[in-house]
Amino acid sequence: MAIENLVLATTDFEKRGGLRHIGLCATSNLTPTFTSAGTADTHAVALVDSASLALFDLKQGTGSLTTSGSKENGVMMFEHTLSFYIPNCSNVHFGNLQKLLQEQIAAVVVDHNDQAFCIGMSAAFQHTTGSGSFNNQMYATMTGLEGGTGAALGDENGVTVTITCSSGELPRTVSSTVTVDLAAGTMALS
C-alpha cells in the first residue's frame, strides 16, 4: 500500500523536539482504556491512576523518547528508549531511582508541544479481553544509569537515566487529562 497524499500543515514545521515532563509509576497503578479501531483516534489510550505518578521536570534538551522497529517472521516489534538527565542528585533523587531498579514501569511523557505519550502499556498481543486489559509482559524497565560529579567547577553533576520497553506497537498518545504539580513533584491522570 503506497502513501499517495500526505497533507502537512505549516504549523507542523515549527514543532519543537524534546521532553518537558516525565511521569513514572508501576504498571499496576494505571488502568488503561485503549481506543477501538473504528474511532477517529485509533492509537490513543485513556489512563486513570490509582496514585499520582512520580514527576521528573526536565530542562530543555535533557530528555528524549526514541522508537525503532523491525519486522521478523511477519511480526513487527518496537523498542522504545526513554532517556533523561537529572542534575544535582541528592539523597532523595537516588532513593527514588533505587525504587525503580526492579519495578515494572509505565511512563507518561509530555513533549514541548504538549503532546503526551505512554510507554510500558501495550494493547498488542493481549492475553485477556476487555477494554482495561493490556499485555503485562511489555512493561518498561530501567536499563541504564550513568552519573558523575564532574571534575571541574563548571561541570554539572547528575545522572542520565535510561528506560527501555519492547512493545508490539508504537507509543500511544494519552487522551487523559495530564495534570502536573511541580510543587508536589507529581503527575496526575484523569
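**Figure 1. Overview of the predicted model.** The protein exposes about 11,000 Å², and carbon and sulfur atoms supply 51% of it. Areas follow the Shrake-Rupley method with a 1.4 Å probe. This is a predicted model: local features need pLDDT of at least 70, side-chain atom pairs count only at pLDDT 80 or more, and totals for chains, interfaces and linings use all residues. Residues are numbered from 1 along each chain as its sequence is written, and side-chain values use heavy atoms, without hydrogens and water. The protein has 1 helix and 13 strands (DSSP runs: H or I of at least four residues, E of at least two). From the N terminus, the order is β-β-β-β-β-β-α-β-β-β-β-β-β-β. Of the 190 residues, 35% count as buried (under 20% relative accessible area, 1.4 Å probe, protein chains only).

**Figure 2. The largest nonpolar core.** This core holds 20 residues. A nonpolar core joins buried Ala, Val, Leu, Ile, Met, Phe, Trp, Tyr and Cys residues through side-chain atoms within 4.5 Å. Ile-22, Leu-24, Leu-82, Phe-84, Val-161 and Ile-163 touch the most other members. Two or more residues each come from β1, β6, α1, β7 (105-111), β9 (140-148) and β10. β10 gives the most, with 4 residues. A second, separate core of 17 residues includes Ala-106, Val-110, Ala-116 and Met-187.

**Figure 3. Surroundings of Ile-22.** Neighbours within four places in sequence are left aside. Contact means heavy atoms within 4.5 Å. Ile-22 is in contact with Ala-54, Leu-55, Phe-56, Leu-58, Leu-82, Phe-84, Val-108, Val-109 and Met-187.

**Figure 4. The largest pocket.** Its volume is about 360 Å³. A pocket is an open set of points on a 1 Å grid over the protein atoms alone, with protein on both sides within 12 Å along at least five of seven lines; lining residues have an atom within 4 Å of a point. A volume is the space filled by probe spheres set on the points, which are joined across faces, edges and corners. The lining has 17 residues, with Ala-54, Leu-55, Phe-56, Asn-96 and Leu-100 nearest the pocket centre. β1 (19-26), β4 (53-57), β6 (75-87) and α1 (91-100) each give two or more residues. α1 supplies the largest share, 5 residues.

**Figure 5. The largest cavity.** The structure holds 1 cavity of 30 Å³ or more. In a cavity, a 1.4 Å probe fits but cannot get out. The volume of the largest cavity is about 40 Å³. Its lining includes His-80, Cys-118, Cys-165, Glu-169 and Arg-172. β8 (116-119) and β10 (158-167) each give two or more residues to this lining.

Methods
Buried < 20%, exposed > 50% of the residue type's maximum accessible area, 1.4 Å probe, protein only.
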